[in-house]
Amino acid sequence: MKTETKKNFPIRLYIVGLLAVFCVILFAAVSLYQNVFLKDIYRRGKITGIERTADSLADVAESTTLDASFNAETIREKLDSDTFEADSCALMLNLDLGLGVEAGTSRRECVIRELTPFSVKVLHDEAEKDGGKTMLFANGEEKLDISNLHKEADKADTMQCVVLVKNTKDASGNEITILMSTILRPLGIVENALRSQLWIVFAIVLVMIFVLSYALNRIIARPIAGINEQAAHLAKGNYAEDFDEKNGYREVTELAKTLNRTAKELGKADKVRNELIANVSHDLRTPLTMIEGYAEIMRDIPGENTPENIQTIIDETKRLDSMVNGLLDLSKLQGGMIPMEIKEHNLTEFLRDVADHYQKMVEKDGFTVRLEAENDITALYDEKRIEQVLYNLLNNAVNYSDKEKEIILRQSRRDEKTVRVEVIDHGIGVREEDLPYIWDRYYRVDKEHKRSVRGSGLGLSIVRSVLENHAAQYGVSSTYGKGSDFWFELAVK
Ligand code: ADP
């Protein structure tokens with residue numbers, strides 16, 4: 001089958017590419033701003049600036065009387081505190097009384113300053129014609145020639161002055177004319193200066209992009225490449241790989257942590273698998289050797305063809321069978337392939353049956369199984385699977401018993417909803433440090449795997465799987481040298 005491989009670029013190329021795109025966009029935006037919008041924005045800014053000031057001066061005029069007693073300082077203060085455009089100045093005139101107040105940041109360029117009363121009157125009338133307010137433009141910045149004013153701004157990039165005329169009335173009804181002027185300067189020189197600066201900025205940005213992409217490459221790409229290299233060893237089965245969890249940014253340290261955890265888990269799984277192969281082959285070989293030995297004796301030695309020897313072969317075959325079944329059961333249980341048939345059953349009766357049956361099996365070895373149960377209790381469980389749990393626990397109780405050969409099977413009511421079942425022995429017990437692990441598959445306290453006792457190391461993991469499938473609580477309390485109490489709880493009907 002032909003597999004199509006998509007070409008992937010290294011992250012540093014993405015970083016450089018992205019930064020380059022960013023740089024181009026930035027450059028385009030700055031050029032556009034400069035060539036298209038700068039002039040407009042400058043003009044609009046200046047004009048709206050004087051318009052705003054004219055409006056606020058009109059507000060002042062309307063709330064006071066502009067006569068000889070008027071304190072001009074209040075207006076100057078107001079203009080100073082306002083965002084008064086540079087190169088602008090303002091005049092507020094009472095035409096009837098011939099009084100005026102002047103303010104501005106640059107008196108030198110105040111083109112409306114030396115207007116004759118006649119010119120003011122002309123401007124006043126011009127504004128009156130336009131509904132009380134008008135905007136006029138003149139070329140140059142010299143003394144204003146009112147015969148040379150026009151209504152449209154000159155589009156050419158030349159020095160121009162703008163005059164705003166606004167008529168209003170003060171609180172006593174006097175005619176007030178507010179004159180504002182400002183200078184629009186040609187932007188050509190500024191633009192040229194900006195353009196050459198733009199190239200310098202562009203060059204600086206380019207250098208910065210190189211530096212940045214180098215730095216980002218070191219910060220982002222390198223640690224990932226390093227981890228990837230180490231992970232390749234992990235893939236080859238080197239689970240001792242130690243990923244650096246301290247250096248690098250958060251995502252990388254988290255990745256390192258995850259990989260360390262993965263390596264640990266893989267290492268554990270690998271160890272378990274090796275132990276499993278060793279244990280299974282050892283366990284399977286023992287009965288096989290017995291069967292082979294007995295069969296050879298029966299074939300070679302006349303008179304050894306006895307029913308006892310045949311029985312041994314049968315017993316060992318059964319043991320093999322149960323071991324293979326145990327393995328199969330466990331993998332099915334853990335894979336969720338055995339559905340639980342949880343139904344109502346008389347638990348007490350069931351425990352009595354199990355105890356009686358087990359008693360018969362082990363009494364020849366001197367064991368007794370005693371059932372401790374008060375009232376009959378109906379509980380919810382899968383009978384076949386719980387029987388398997390009890391047999392595994394009873395087998396362990398027998399296998400790990402010492403001189404004291406009494407095993408107790410106890411049923412006790414916990415609360416309204418649960419009943420506890422316990423298998424208690426007075427055998428060798430489990431050391432505290434081994435307790436958390438005994439439920440693991442193939443964990444055997446007896447590490448040398450001596451066959452002093454029968455068992456495959458699967459019993460408790462089967463117990464655990466069944467009980468977890470019942471969503472049951474379970475556990476053990478054990479004192480080393482004194483005995484163990486394995487328990488689980490079922491739901492009461
Ligand atoms: P095994 O086949 O080895 O019995 P299990 O999974 O049933 O496997 O048990 C795991 C380990 O737990 C045993 O090897 C044993 O060391 C310990 N164990 C289980 N039950 C008991 C018990 N009743 N008393 C003491 N140790 C026990």
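**Exercise 1. Locate Arg-385 in the predicted model, decide whether Arg-385 is buried or exposed, and list the residues in contact with Arg-385.**

Step 1. Arg-385 belongs to helix H8, residues 383-399; helices (H or I, at least four residues) and strands (E, at least two) are DSSP runs numbered from the N terminus. The model is predicted, so local features need pLDDT of at least 70 and side-chain atom pairs count only at pLDDT 80 or more, while totals for chains, interfaces and linings use all residues. Residues are numbered from 1 along each chain as its sequence is written, and side-chain values use heavy atoms, with hydrogens and water left out.

Step 2. Arg-385 has 10% relative accessibility and therefore counts as buried (buried is under 20% relative accessible area, exposed over 50%, partly exposed in between; 1.4 Å probe, protein chains only).

Step 3. With neighbours within four places in sequence left aside, Arg-385 is in contact with Asp-329, Ile-338, Met-340, Val-466 and His-470 (contact means heavy atoms within 4.5 Å).

**Exercise 2. Classify the ring pairs Phe-27 with Phe-202 and Trp-439 with Phe-486.**

Step 1. A pair of aromatic rings is described by the distance of the centres and the angle of the planes. Rings of Phe, Tyr and Trp (its six-membered ring) pair if their centres lie within 6.5 Å; planes under 30 degrees apart are stacked, over 60 edge-to-face, the rest tilted. The count by this rule is 7 aromatic pairs.

Step 2. For Phe-27 and Phe-202 the centres are 4.3 Å apart and the planes stand at 40°, so this pair is tilted. Phe-27 is in helix H1 and Phe-202 in helix H4 (residues 188-235), so the pair ties together parts 175 residues apart in sequence.

Step 3. For Trp-439 and Phe-486 the centres are 5.9 Å apart and the planes stand at 70°, so this pair is edge-to-face. The pair links distant parts of the chain, 47 residues apart: Trp-439 is in the loop between strand E10 (418-424) and helix H9 (459-469), and Phe-486 is in strand E12 (residues 483-492).

Step 4. Trp-439 is buried at 9% relative accessibility, and Phe-486 is buried at 8%.

Step 5. One aromatic cluster is formed by Phe-27, Trp-199 and Phe-202.

**Exercise 3. Find the ring over which the charged end of Arg-420 sits and the ring whose face Lys-405 lies over.**

Step 1. The criterion is NZ of Lys or CZ of Arg within 6 Å of the ring centre and within 35 degrees of the ring normal.

Step 2. The charged end of Arg-420 is over the ring of Trp-487, 3.7 Å from its centre. Lys-405 lies over the face of Phe-367, at 5.1 Å from the ring centre.

**Exercise 4. Describe the salt bridges of Asp-40 with Arg-44 and of Arg-410 with Glu-372.**

Step 1. The structure holds 20 salt bridges (a side-chain nitrogen of Lys or Arg within 4 Å of a carboxyl oxygen of Asp or Glu).

Step 2. Between Asp-40 and Arg-44 the closest N and O atoms are 3.5 Å apart. Asp-40 and Arg-44 are 4 residues apart in helix H1, so about one helical turn separates them. Asp-40 is partly exposed at 41%, whereas Arg-44 is exposed at 51%.

Step 3. Between Arg-410 and Glu-372 the closest N and O atoms are 2.7 Å apart. This pair links distant parts of the chain, with Arg-410 in strand E9 (residues 406-413) and Glu-372 in strand E7 (residues 368-373), 38 residues apart.

Step 4. Arg-370, Glu-372, Glu-406, Arg-410 and Glu-422 are linked in a network of salt bridges.
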